Amino acid sequence: PEFFTLQEAVAGRYSIVRELGRGGMGIVFLARDVALDRPVAIKMLPPDLAASRPHRDRFRGEAHTAARLSHPHIVPIHAVEEHPAVVFFVMAFVDGETLAARVARQGPLSAGDAMRVVQEVAWALGHAHANGVVHRDVKPDNILLESGTGRAVVTDFGIARAADSPDISGEGR
């Protein structure tokens, strides 16, 4: 049902291809940007959460926080939209898999690959920190490895916060 809800909201601009994955605060779909003829990923707040103003605000906040960052190892955000039934943001599609999926499929990374991934993630986090953003959920599921190049790209700034803003997540959340 989420597929059809999102497709209706983006009709004419994006064509939804398939679901890529789900998490606590979003469903990610592969889509095609019709005007630019390129693949994109669209993260949608699940409809049951979209009915809640605090959840909508937090979700939009994720997009705004990530959109402040422009770095080759951070997934870029192209747009954020809010409609009565749906809230979503559009980001670059990274053709690859998560670090977690790669390790599950192939076992541990070689020492050289592990050093490269850690260095690239550190560069991304350093850039975020230099721009006042703390990720707070760095884990293998939030690191994408691009097919072909192996480039590590950090994603999911869902619980990130500006270093100078209050901590809204609270202890135990």
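**Exercises on pockets, sheet and cavity**

The largest pocket is lined by 31 residues, and V28, D141, N142, T155 and D156 are those nearest its centre. A pocket here is an open set of points on a 1 Å grid over the protein atoms alone, with protein on both sides within 12 Å along at least five of seven lines; lining residues have an atom within 4 Å of a point. The model is predicted: local features need pLDDT of at least 70, side-chain atom pairs count only at pLDDT 80 or more, and totals for chains, interfaces and linings use all residues. Residues are numbered from 1 along each chain as its sequence is written, and side-chain values use heavy atoms, with hydrogens and water left out.

**Exercise 1.** Determine which strand gives the most to the lining of the largest pocket.

*Solution.* Step 1: β1, β2, β3, β5 and β6 (96-98) each supply at least two lining residues; strands are DSSP runs of E of at least two residues, and helices are runs of H or I of at least four, numbered from the N terminus. Step 2: β1 gives the most, with 5 residues. Step 3: the pocket holds about 790 Å³ of space, a volume being the space filled by probe spheres set on grid points joined across faces, edges and corners.

**Exercise 2.** State the order of the strands in the open sheet and explain why one side of β1 and of β4 is without a neighbour.

*Solution.* Step 1: the 5 strands follow the order β1-β2-β3-β5-β4, with antiparallel pairing; two strands pair if DSSP finds at least two bridges between them. Step 2: β1 (14-23) and β4 (77-82) stand at the edges with a single partner strand each, so one side of each lacks a neighbour in the sheet. Step 3: β4 and β5 are joined antiparallel over 5 bridges, and E82 stands opposite V87 in β5.

**Exercise 3.** Identify the residues that line the largest cavity.

*Solution.* Step 1: the structure holds 1 cavity of 30 Å³ or more; a cavity is a set of grid points where a 1.4 Å probe fits but cannot get out. Step 2: about 60 Å³ of space lies in the largest cavity. Step 3: the lining consists of E62, A66, I74, V75, I77, F89, M91, V154, T155, D156 and F157. Step 4: α3 (53-67) and β5 (87-92) are the elements that give two or more residues to this lining.
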